[in-house]
Amino acid sequence: MNDTTYDHPEGSLAALAKPTWLDVVNSWITTVDHKRIGIMYIGYALIFLVIGGIEALIMRVQLSVPNNHFTSPEVFNRMFTMHGTTMVFFVGMPILFGFGNYLIPLMIGARDMAFPRLNSFSFWVSAFGGLLLYFSFLGGDGLYGAGTAPDVGWFAYAPLTARIFSPGHSTDYWILGVFLSGIGSVGTALNLVVTIISLRCKGMTMGRLPLLAWIYLVVSWMVFIAIGPLTAAQIMLLLDRTVGSHFFDAQAGGSAVLWMHFFWIFGHPEVYILVLPAFGFANEIIPVFSRKAIFGYAAMVGATVGIGFVSLGVWAHHMFTVGLGPAGNAFFTFATMVVSVPTGIKIFNWLATIWGGRISFATPMLFSIGFLFQFLAAGLTGIMLAVAPFDWQLGNSYFVVGHFHYVLVGAILYMIFAAFYYWFPKMTGRMMSERLGKWHFWLFTLGFHITFDLMHIPGILGMPRRVFTYEADRGWGSWNMIISIGAIFQVIAILIFVWNMIRSYMKGEKAGPDPWDAWTLEWSTSSPPPHYNFAVEPVVESRRPLWDRKHPNDPDNAYE
Amino acid sequence: MRATKGQSAGESQLNLEKLMSFGNTLNAPAAAIADPWPVRVFHKIPILGSGPTSIFAPHATPAHDIDSLSVFVLSITLVIFLIVAGLLLYALVRYRRRPGDSQMEPVQLYGSNQIEIAWTVIPFLIVVVLFLTSARVNFVTERAARPANSLEVVVIGHQFWWEYRYPKLGIVTANELHIPASDPKAPTPTYLTMTSADVDHSFWVPELAGKMDLIPNKVNVMWIDPSKPGIYLGQCAQFCGAEHAMMLLRVYVDTPEQFAQWVASQKKPATEDASVAEGKKVFEHTACINCHRVTGTVATGQFGPDLTHLASRDTIAAGVEKNTPDNLRKWIDDPDSMKMGSLMPKMHLNNHELDAVTAYMASLR
């Protein structure tokens with residue numbers, strides 16, 4: 001245990017005097033440890049998840065009956081703008097980077113990320129972006145007294161964002177908050193790429209890299225490509241609003257369509273940036289609970305790279321009603337549908353992994369199974385929306401809202417929950433309660449399906465998104481009421497989840513290093529891992545190093 | 001073996017043609033060709049065709065073509081879902097861990113190139129079929145030949161109302177679009193040339209056609225050819241600011257006679273009625289005229305709806321309220337009370353002035 005004093009200077013101090021709460025806060029703020037930064041990312045994202053969830057609830061109350069006056073249109077517009085912006089930039093991105101930060105070095109046998117200080121900088125600048133966005137509730141009025149938080153929608157279409165249509169500073173806060181989160185994202189993406197390329201332990205060739213690490217590698221490249229146009233567009237918009245340039249100012253000859261292209265060339269890859277890590281969690285969790293190696297490792301890597309590549313060329317499927325002309329529409333229809341091929345490969349490979357296995361239905365696996373069915377359905381409604389003429393009807397309707405919540409909640413959030421139940425023991429050293437976990441899963445699944453299955457129907461019946469209320473004669477009222485009721489089950493489930501985390505952290509069952517009998521390197525060190533992760537640099541000989549150790553007579557590398 | 005393969009390839013080609021022609025009632029007059037059976041089955045599902053704005057209750061060729069295409073796409077995706085979800089469900093039940101299972105790990109399988117190729121190629125073929133059917137409807141709708149007798153209407157989106165101009169008829173009106181019914185045997189479609197005066201909007205009347213955006217500095221065109229007279233509803237489908245939800249669409253499909261009558265009445269100059277002279281005077285001496293137009297008066301504003309024939313419309317405030325004197329008075333008194341966030345300011349008129357202006361407005365038939 002001599003190395004404890006070497007690697008843990010604060011540990012030796014602790015022996016002298018119990019650290020005060022100030023020491024603890026200081027150690028977290030100044031930390032450059034990838035595990036602590038990862039946990040801070042996740043904690044920060046969870047806080048924003050609750051805030052974004054409350055915003056969603058306010059919208060659901062308002063929409064539950066026609067001609068409702070629970071909120072004013074202005075407040076409702078702020079709620080959906082903040083809900084969307086928060087969930088994408090301050091929940092989705094940080095929680096996925098949080099898991100990436102925590103897991104990638106452990107999975108590739110490294111002691112930390114390649115650039116620990118950049119890592120810390122990226123986290124804090126992202127966190128500041130979120131605070132700045134929410135400060136708009138106080139400071140958005142500006143000198144004009146014109147509204148508080150941003151109310152232009154999360155894709156902030158020009159020219160609604162022009163100074164004349166959006167006075168005050170709310171849109172400026174939106175620009176700067178998202179801009180800062182983009183800087184943090186690029187920093188972390190850079191860190192992940194360098195870490196994965198250069199810090200792999202002995203024997204871990206790219207062909208033995210855990211699929212989760214492969215996915216983070218591809219995602220990080222996509223972040224480089226996608227964040228650039230967004231940042232450029234944000235700067236152009238800021239210039240329009242502050243010094244009177246006319247990039248998007250249609251009154252002065254600027255182009256509203258230009259903003260759409262800029263935004264969606266970021267916005268669509270962004271969807272894959274969020275969903276690919278969810279695939280990565282599934283790649284790690286489904287094999288362990290099926291007791292089988294992932295089926296088609298090489299095909300999975302190829303499909304990931306394929307999705308990353310094709311997803312950069314599909315953005316204008318958000319613009320089928322903009323008037324691109326039939327040739328443009330046809331191209332983006334085809335490109336969008338082609339994504340379904342590598343995505344299909346992934347679903348089939350997960351199916352083949354389960355096939356012939358011995359499936360145990362622990363909570364992480366339950367959420368993964370929910371993910372498989374729901375992602376399948378979300379992909380198929382995505383095909384419908386990719387058919388340009390069908391999209392002329394469905395685009396910007398509640399069908400779209402149902403579709404992308406199926407992806408963001410039904411697929412991504414489900415896999416985030418699965419990841420929590422799976423890696424919580426590694427992060428804290430304690431198991432989460434299986435009993436509460438099952439309550440969480442079943443209640444959330446019930447609520448999810450009531451809300452988001454039915455959400456497609458008012459869209460088919462002509463209900464556009466982003467309306468603060470609607471006419472009683474349209475026949476949308478009862479659907480919306482049931483949709484809102486579904487949200488109640490989801491809230492209860494989330495409360496159970498939060499309670500489960502707190503309770504398990506306090507007095508959960510001790511986990512030990514490898515509670516799931518898993519195969520990747522993070523399970524070879526203690527739970528929680530020491531500051532330095534591994535006392536000795538691991539050496540691996542296959543994709544499943546712990547399988548090799550557990551089955552010395554039947555090692556994996558014989559089949560690679 | 002080889003023979004069977006050849007045969008099945010031939011069959012699948014046939015099927016492909018059949019599939020492709022499935023969505024093919026294109027440009028055929030809506031009533032003339034019976035829907036294929038899956039569309040008919042689909043339309044029997046009660047909830048999907050209900051309400052006045054369902055996308056599965058088409059009343060014009062563009063909406064009808066999309067309807068057939070949609071049912072085709074829905075059928076294919078439904079089959080895919082049932083197969084894949086069925087396999088998943090089977091695997092979950094069949095390969096679940098049972099109490100008496102051995103402690104040995106199951107047989108480890110690492111992959112199979114043949115299977116990988118199969119489930120790459122088959123989805124790709126489905127994608128090609130879907131793409132071709134989609135592109136066909138897409139091209140046929142957007143590149144439809146424009147008959148010489150079509151009606152042209154310029155649609156201009158405003159925060160938060162619709163302006164309609166009939167350039168060849170010299171009519172300017174707002175919020176209620178009148179078009180003639182189109183006889184399937186001799187179609188007289190209406191072409192909507194669209195742009196926006198301020199921010200992005202989107203024109204969506206689901207029973208007639210898919211939506212098309214109204215974008216400043218850009219001109220878009222769409223067409224509709226409803227054959228059944230009636231009122232078709234919709235609303236703005238692109239978020240455009242505070243009152244986006246209250247920017248409702250009403251399309252009046254008139255019989256040719258009704259339409260001719262409507263045109264004749266709209267072409268008349270504004271009614272002159274001595275009994276409402278006081279109201280006219282109040283109107284012409286307040287800021288009303290900065291935004292509104294009444295032909296033949298000093299009111300030549302461009303920002304708000306043309307009021308020359310206001311009383312001929314069924315609704316006010318972009319379809320939000322019925323056009324009754326009470327509602328008009330309430331609206332003029334305090335627009336925000338009816339439509340919070342409306343850009344029309346409160347004019348601070350006293351009760352007497354309000355009554356007078358309301359009477360004047362109600363006289364503008």
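**The helix pair between the chains**

Tutor: Let's start with the packing itself: helix α11 (residues 326-354) of chain A sits against helix α3 (residues 61-94) of chain B, with an angle of about 20 degrees and axes 9 Å apart. That makes α11(A) roughly parallel to α3(B), because angles under 35 degrees count as roughly parallel. As for handedness, α11(A) and α3(B) cross in the left-handed sense. On the α11(A) side, I347(A), L351(A) and I354(A) make the contact, and α3(B) answers with V84(B), L87(B), L88(B), A91(B) and L92(B). Sorted by class, the contact of α11(A) with α3(B) comes out as 8 nonpolar residues, with no polar and no charged ones. Keep in mind that this is a predicted model.

Now step back to the whole interface. Here 76 residues of chain A are in contact with 79 residues of chain B. On the chain A side, the elements giving two or more residues are α5 (73-107), α9 (256-290), α10 (297-310), α11, α12 (363-386), α13 (388-394) and α16 (456-460). Our helix α11(A) gives the most to that side, with 15 residues. The class make-up of the chain A side is 47 nonpolar, 22 polar and 7 charged residues, whereas the α11(A) contact with α3(B) has no polar and no charged residues.

Where does this leave the partner chain?

An open sheet of 3 strands in chain B runs in the order β4-β10-β9, with mixed pairing. Its edge strands are β4 (176-180) and β9 (230-235) of chain B, each pairing on one side only. On average, neighbouring strands of this sheet are turned by 25 degrees against each other, ignoring direction. β4(B) and β10(B) (residues 248-254) run parallel and are joined by 5 bridges, and I179(B) stands opposite V253(B) in β10(B). Helix α5 (residues 256-267) of chain B lies across β4 and β10, running at about 130 degrees to β4(B).

Most residues other than glycine have a negative phi, and most peptide bonds are trans. N217(B) has a positive phi, near 70 degrees, and lies in the loop between β7 (212-214) and β8 (220-224) of chain B. Over in chain A, the peptide bond from A158(A) to P159(A) is cis, with omega near 0 degrees; P159(A) belongs to the loop between α6 (116-139) and α7 (170-198). S527(A) and P528(A) are also joined by a cis peptide bond, with omega about -10 degrees, and P528(A) is in the loop between α17 (477-507) and α18 (545-550) of chain A.

Technical notes
Residues numbered from 1 in each chain as written. Chains lettered and ligands numbered in written order. Predicted model: local features only at pLDDT ≥ 70, side-chain atom pairs only at ≥ 80, totals over all residues. Axes fitted to C-alpha atoms, helices over the stretch in contact; angles between N-to-C directions. Helix = DSSP H or I, 4+ residues; strand = E, 2+ residues; numbered from the N terminus. Parallel < 35°, antiparallel > 145°, perpendicular 65-115°, else oblique. Left-handed = near helix turned anticlockwise from the far one by under 90°. Contact = placed C-beta atoms within 7 Å. Nonpolar A, V, L, I, M, F, W, Y, C, P; charged D, E, K, R; others polar. Pairing = 2+ DSSP bridges.
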